[in-house]
Amino acid sequence: MRELVTPALADCTARVGAKRFIFQSIAWLASPADGAPFDETAPPRPDAVTQSALDGERIALEAASQRGFSACVLRCGWFYGADAAHTKAM
């Protein structure tokens, strides 16, 4: 899904003249196979679930360099909300 939506968001960023596009990705995209600790310097290790996040990161960064705005990637963990389905599931 990110490979479809990210180009549209990048286009909107350019059209409105925004200076920065912040792409929300996922932290576990870079988690080592052995479960060892990792940080923002760890290389991406996409799997079938996280590949779209890596694709979105690439699309956002490429669009920024081509369209004249800056972009950054924010690799988040879980977001919690008392009524969120994923919070209740955990």
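Arg15 and Asp11 form a salt bridge, with their closest N and O atoms 2.9 Å apart. A salt bridge here is a side-chain nitrogen of Lys or Arg within 4 Å of a carboxyl oxygen of Asp or Glu. The model is predicted: local features need pLDDT of at least 70, side-chain atom pairs count only at pLDDT 80 or more, and totals for chains, interfaces and linings use all residues. Residues are numbered from 1 along each chain as its sequence is written, and side-chain values use heavy atoms, leaving out hydrogens and water. Four salt bridges turn up in a search of the whole structure.

- Arg15 and Asp11 sit four residues apart in helix H1 (residues 2-16), about one helical turn. Helices (H or I, at least four residues) are DSSP runs, numbered from the N terminus.
- Arg15 is exposed, at 66% relative accessibility. Asp11 is partly exposed, at 23%. Buried means under 20% relative accessible area, exposed over 50%, and partly exposed in between (1.4 Å probe, protein chains only).
- Arg67 also forms a salt bridge with Asp11, at 3.0 Å between the closest N and O atoms. This pair links distant parts of the chain: Arg67 is in helix H2 (residues 51-67), Asp11 is in helix H1, and they are 56 residues apart.
- Arg67 is partly exposed, at 41% relative accessibility.
- Salt bridges link Asp11, Arg15 and Arg67 in a network.

**A pair within helix H2**

- Arg58 forms a salt bridge with Glu62, the closest N and O atoms being 3.4 Å apart.
- Both residues lie in helix H2, four residues apart, about one turn of the helix.
- Arg58 is partly exposed at 41% relative accessibility, and Glu62 is partly exposed at 36%.

Terms used: Helix = DSSP H or I, 4+ residues; strand = E, 2+ residues; numbered from the N terminus.
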